[in-house]
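Please read this briefing alongside the sequence and the model shown below. It is written for a reader new to the structure and is arranged by topic.

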Amino acid sequence: MSGSAAKWIAGVWLGTQLWVAPASAFDLVFTGGEILTMDESRPRAEALAVEDGRIAALGSEAELRARAGNAEFVDLEGGVLMPGLIEPHCHPVGTAVLGQAADISGFRYDTRAQVMEALREAVAAGSPDEWVIAYGWDPVLVEDLDPPTLAELDALAPDRPLLVLTQMMHIAYLNSAGYRAAGIDEDTPDPPGASAFLRDARGRLNGVIYETEALAQVLDAMPPPPEGGVELLFSWQLADYARAGYTTLGITGPVSREEDPIRPIKAVVDDPTSPVRAFVYLRPEQLDPERSPVGTGGPRFAVKGVKFWMDGSPYAGGAAFSEPYRNTPLTLERIGLGRDHRGEPNYSVEEFVDLVAPYHERGYQIAVHAQGEVAIDRVLDAFEIVLREKPRADHRHRMEHNAAITREQLVRARALGLTPSFFIDHVYFYGHALPDLVGGSRAERFMPMAWARDTGHRVTLHTDNPATPIGPLRALRTAVTRVPRGASEPLGPEQRISVADGLRAMTIDAAWQLFEEQERGSLTPGKAADLVWLSENPLEVDPAELEEIRVRGTWIDGRRADLSRWRASNLWLAARALWNTVVDKLFR
Ligand SMILES: [Zn+2]
């Protein structure tokens, strides 16, 4: 390039810069640490400037200081500034509501005796006419946790309705007072499909509520929380995500009993002081194409698509694996499966084509829960038909969890334009038990993130809470090391991915999966200033110690997340909930 041409280009470039960003216009400048952009064209920088909620410039500290004017400076104290983390698959309303239930999880207790004592304490607390709800019964993590009998539940709570939810929510246990309160007796028919109120050999209800439709019938019978109460819990929950480093959530199937299931979520997230953004995939019965056509929403809250379930949980016998579950004390006694049990997919290929085609044609993104190879085959077969009949470019339909997906299935998914998200916590929390469920060699290829990357996918990872606790750095560490909890050796080391790949999975690739890559996922001038400040650089710490990295703060649209419990909008929600409780007590 000749000198004059270079000068001319530089002149135009500078002119553009001056026009877009006058010299003294920065609002916020980050210095004193490292900027990790996740933008391949410029992976690192010394300083970053924000203006009007957008990333305005990256450069050396001297360069940005010279242009900073009256900007506020944030000293990163030797830490790292990155794009805010993105959780592509979680259930924050569920996490918020279940956070109110008694915690009996295997994340907290080690023995059946401890779990039963926690239940006893939960029954003793609270008023005698209220439901007792306990969450987290987990026979895979708690090694002597045989299922509770109806007699045991009745002895624990002779008069109060008691509902015990398992960790993966696919099975629940109910006492006799609970059946009475829910209006379920021996003559109550099972809901359509695989769901059921299980019975003993003599046809009497045995305390087991099997799968979601039956559980929904029980939950529907409970008194609703006061209006505003769920929103307050949800709003508090969002602060927990921000504390963990997230700035964006993908909500896959929100739980709300309101007539308009979107309203409570939208009201909280759309508030400019909400600490995270949220993009939702509604259950089909919740998605009204008239009310929420494709593109409904804005930069803080939007409806992205619809969520389906092709099979169930590996830990409740619901995953449609290509081989039967192994016959072990874990599967036969603790989970209570029959010999050579097989999980069944929820739909035939034809049924699934009919279900998803209308949403595909309308332009929604479709997300499908699929764990076992048989379920995954059905999803692939169905989308092959749908896409042949109604081709659609760049649909990014999503496959969720993908525990046992094979390399061949990943190749097929890539060819169809489907994108996988992995529930990597299975390897961490359940890795020790997987050989007893599915055998050693299949356990090694559980959640095969390296295969997904090698077959050309943009890989993402999620924690699906409340299924497992919020913890992006734990998930990253597991994707990188594949060392299960309590173990010293990796499970399936060939499926490990690099820290750099893991970070992409939680930032730019997750943004792409949510159709948000133009606005976020990397620190690129012009994108929204969604940021997380970490105490150390994940690329430079020992991978085993990734979870020790501290989150120092998050920003969305250049505004630091306010994590105080009683920020103004929360006070308003609390007042409304209180008011409605009072009105309820006085007039009903
Ligand atoms: Zn989920």
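**Overall architecture**

Of the 588 residues in the protein, 56% are buried, where buried means under 20% relative accessible area, exposed over 50%, and partly exposed in between (1.4 Å probe, protein chains only). This is a predicted model, in which local features need pLDDT of at least 70, side-chain atom pairs count only at pLDDT 80 or more, and totals for chains, interfaces and linings use all residues. Residues are numbered from 1 along each chain as its sequence is written, and side-chain values use heavy atoms, with hydrogens and water left out.

**Fold and dimensions**

- The protein has 21 helices and 24 strands, taken as DSSP runs numbered from the N terminus (helices: H or I, at least four residues; strands: E, at least two).
- The radius of gyration of the protein is 25 Å, close to the 25 Å from the globule rule for 588 residues, so the protein is as compact as a globular protein of that length; the radius is taken over C-alpha atoms, and the rule is 2.2 Å times the number of residues to the power 0.38.
- Along the principal axes, the C-alpha atoms fill a box of roughly 95 × 60 × 50 Å.
- Among contacts (heavy atoms within 4.5 Å) between residues at least 6 apart in sequence, 72% join residues at least 24 apart.

**Zinc site**

- His-89 (NE2), His-91 (NE2) and Asp-464 (OD) coordinate the zinc ion at 2.1 to 2.2 Å; donors are N, O and S atoms within 2.8 Å of the metal (3.2 Å for Na, K and Ca), and water is not among the atoms, so sites may look incomplete.
- The sequence spacing of these donor residues is H-x1-H-x372-D.
- His-89 is buried at 0% relative accessibility, and His-91 is buried at 14%.

**Aromatic rings**

- There are 14 aromatic pairs, counted for rings of Phe, Tyr and Trp (its six-membered ring) with centres within 6.5 Å; planes under 30 degrees apart count as stacked, over 60 as edge-to-face and the rest as tilted.
- One of the pairs, Phe-30 with Trp-555, is edge-to-face, with 4.9 Å centre to centre and 90° between the planes.
- This pair links distant parts of the chain, 525 residues apart: Phe-30 lies in strand S1 (residues 28-31) and Trp-555 in strand S23 (residues 551-556).
- Phe-30 is buried at 0% relative accessible area, and Trp-555 is buried at 3%.
- One aromatic cluster is formed by Phe-308, Tyr-347, Phe-352, Tyr-359, Tyr-364 and Phe-383.
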